[in-house]
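Hi everyone, thanks for making time this morning. I'd like to walk you through one structure, starting with the ligand and then moving to a set of strands. Let me put it on the screen.

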Amino acid sequence: MIKTDILIIGAGPTGLFTVFEAGLLKLRCHLIDALPIPGGQCSEIYPKKPIYDIPGFPEVLAGKLTDNLLEQGKQFEPGFTLGERAETIDKQEDGTFIVTTNRGTKHQAPVVAIAGGLGSFEPRKPLIEKITFYEDKGVEYFIKDPEVYRNKKVVISGGGDSALDWAIFLADVASEVTLVHRRNEFRGALDSVDTVQKLKILGKINLVTPAEVIKLHGEDKVEAVSVLKDGKEERIETDHFIPLFGLSPKLGPIGNWGLDIEKNAIKVDTFDYQTNIPGVFAIGDVNTYPGKLKLILCGFHEATLMCQSAFKIINPGKKHVMKYTTVSGIDGFDGSRKEAPKVVVKSII
Ligand SMILES: Cc1cc2nc3c(=O)[nH]c(=O)nc-3n(C[C@H](O)[C@H](O)[C@H](O)COP(=O)(O)OP(=O)(O)OC[C@H]3O[C@@H](n4cnc5c(N)ncnc54)[C@H](O)[C@@H]3O)c2cc1C
């Protein structure tokens, strides 16, 4: 049994920042994530994309933000159960919760913070025969490491931001990039559409529209795709086929925990993001309330307020006075101390 103060379900940016805010209140955290690495959407969907709206960071790669969040919370020694999905929650007589994963790992805590984001990631898959056979054998729904495509032939399918952005990025990495889309119009940032147009003229992106990938070929792995354009089938040799049709959000097992759910998100109050189950909070992309914005900075704010209420549940009757970190410094659970240089009283003669 893993015991902690706040059990966080989801190690995305919201869950990771909770570790820091909880640490300031001397609360320990343990995180469970179905993915094998922390970072949530930032690691799984767009690690190499720059984010421009994190306060204080004019530009930061999503992967780098994850590294920074891990570094920021390190001295509070969070525990991790990675590669396991939280399946069930059981309230105990003493008021604590036991959360069990699909592998049977049990965790106990007085406070549970669900930071499950979009839930388990389910990419929208095109209806192409045998596509599941080729998964991880040339068919990928997420680009984790662009280096995998260096000097390789790549066919990308889709008409949104992801398809445009990755086609642009891989134009300088892959030996050949083909972008296939059902329409001539793309739904993406104007900049990206213009860039794809330029790269097409330069011969760096082979644009096939309006068209659809309808077949995959290859013995053990993808060797070619068939594209249907103007009623004719064309074969394109390729090493990879990357359909980027977005993700369909699936809350997964959390949906059966007796929580108030609205449109695949957990309803919370806006005082401290508590759910209808006292002691169970929902923060970040996973929650909903009037005016909700699914942004990283909103998840950080929600985590901060949630920790204040968690402190009161864990330390009934005890008062916590908020202090600036610049004034109080930070005492890590690992014995480390960070503080601003002390003011000295010294005469100048
Ligand atoms: C392409 C793209 C670009 C974006 N750009 C920006 C941007 O520029 N600025 C911005 O602010 N936001 C951006 N976002 C949104 C941002 O990524 C999300 O708001 C943020 O990731 C939410 O963080 P989170 O920690 O709440 O959830 P997530 O990052 O979704 O993490 C949730 C984690 O919970 C885990 N999980 C879910 N259910 C379970 C379970 N039952 N058991 C165990 N683990 C579970 C998941 O595996 C996941 O790792 C972008 C999103 C995308 C897809």
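So, tyrosine 46: a polar atom in its side chain sits 2.5 Å from an oxygen atom of the ligand. Please keep in mind as we go that this is a predicted model. Aspartate 285 also reaches the ligand through its side chain, with an N or O atom 2.8 Å from a ligand oxygen. With glycine 116 it is the backbone that takes part, where a polar atom lies 3.4 Å from an oxygen atom of the ligand. On its own the ligand has 1000 Å² of accessible area, and the protein covers 88% of that.

Who makes up the surroundings? There are 30 residues around the ligand, and Tyr46 is among the closest, along with Asp33, Gln41, Asp53 and Ala86. By type, the shell splits into 15 nonpolar, nine polar and six charged residues. Helix H1, residues 13-24, and strand S3, residues 29-33, each contribute at least two of the shell residues.

Now let's turn to the strands. S14, residues 211-217, runs antiparallel to S15, residues 224-229, and six bridges join them. Within that pair, leucine 216 faces valine 225 across the strands. Their hairpin has six residues between the strands, and glycine 218 there adopts a positive phi near 140°.

S15 is also joined by six bridges to S16, residues 232-237, again antiparallel. Here valine 227 is opposite glutamate 234. This hairpin has two residues between its strands, and aspartate 230 in the turn has a positive phi of about 50°.

That's my tour, and I'm happy to take questions!

Conventions. Residues are numbered from 1 along each chain as its sequence is written. This is a predicted model: local features need pLDDT of at least 70, side-chain atom pairs count only at pLDDT 80 or more; totals for chains, interfaces and linings use all residues. Side-chain values use heavy atoms; hydrogens and water are left out. A residue is near a molecule or strand if one of its heavy atoms lies within 4 Å of it. A polar contact is a pair of N or O atoms within 3.5 Å; within protein, one must be able to donate a hydrogen and the other to accept it, and residues adjacent in sequence count only if both atoms are side-chain atoms. Accessible areas come from the Shrake-Rupley method with a 1.4 Å probe; for residues, only the protein chains shown count as cover. Helices (H or I, at least four residues) and strands (E, at least two) are DSSP runs, numbered from the N terminus. Ala, Val, Leu, Ile, Met, Phe, Trp, Tyr, Cys and Pro count as nonpolar, Asp, Glu, Lys and Arg as charged, and the others, Gly among them, as polar. Two strands pair if DSSP finds at least two bridges between them.
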